[in-house]
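Have a look at the structure first, and then we can go through it together.

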Amino acid sequence: DTTASVNSVLEDKFNQMIEYSRPGKNHELLAGIVGTWRAKGKHFNWTDSATSTEFVESSATVVRKSFANGRYYISDVIGDDTIQMPIQDGKMKDVQYQSIEIEGYDNVKKKFVRSFIVNNLLSSIQVSEGVYDPATKTITFESEVQTSPEVKLKHQLRFIFIDKDHYKWEDHYKWGGHQEENEKYKLGAEILFTRVPGK
């Protein structure tokens, strides 16, 4: 009858949803970097006159954990350095750098997914999607961030897997709105992550 047919279709859709919810080989790629890491980075000047010799160094501790039986991965980042954070009443405050990142793989879209919040710049949650190139062992995440009502920042994070104890980020960007669409991405930062022994 009609009711049985509808129930059968709904059951099939539910079972399909369950199958697409399972962690797979792409989740295992992220599982390989669970642990505690030391990060050392170079952050380059964002002006048009920037060169590879103009940079500020930073360091941090990163703790990457599995969540929901390997369906997602959450990272807590605590910087060694103090930075200035805008607070109420137009004031700035010296704080220790902190960020939280969530990563996973969307089996339906067939893309890696990432969200990111930080305590010093922006009031938005940055959301990006990426694809993995096995030849270069790189996930390239792409997103667009509205930094102010008039300005958008196009962001590209290249997540490079080196070996079980090392991975690297290359942070690239280009400004939208007031520049040509064919403007090339520019290196904003590069960060090397080294696993803390035994963690």
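A charge sits over a ring if NZ of Lys or CZ of Arg is within 6 Å of the ring centre and within 35 degrees of the ring normal. In this predicted model, the charged end of R114 sits over the ring of W169, at 5.1 Å from the ring's centre. Another case is K174, whose charged end sits over the ring of Y185, 4.9 Å from its centre.

Now for rings that meet other rings. A pair of aromatic rings is described by the distance of the centres and the angle of the planes. With centres within 6.5 Å as the cut-off for a pair, the count comes to 11 aromatic pairs. One of them joins Y132 and F161 edge-to-face, with 6.2 Å from centre to centre and 85 degrees between the planes. This pair links distant parts of the chain, 29 residues apart: Y132 belongs to strand β6 (residues 126–133) and F161 to strand β8 (residues 151–163). Y132 counts as partly exposed because its relative accessibility is 28%, while F161, at 12%, counts as buried.

Strand β8 also holds F159, which pairs with W169 in strand β9 (residues 166–176), 10 residues apart. The rings of F159 and W169 are edge-to-face too, 6.0 Å centre to centre with 65 degrees between the planes. Both F159 and W169 are buried.

Conventions
Residues numbered from 1 in each chain as written. Predicted model: local features only at pLDDT ≥ 70, side-chain atom pairs only at ≥ 80, totals over all residues. Heavy atoms only, no water. Phe/Tyr/Trp six-rings, centres within 6.5 Å; stacked < 30°, edge-to-face > 60°. Helix = DSSP H or I, 4+ residues; strand = E, 2+ residues; numbered from the N terminus. Buried < 20%, exposed > 50% of the residue type's maximum accessible area, 1.4 Å probe, protein only.
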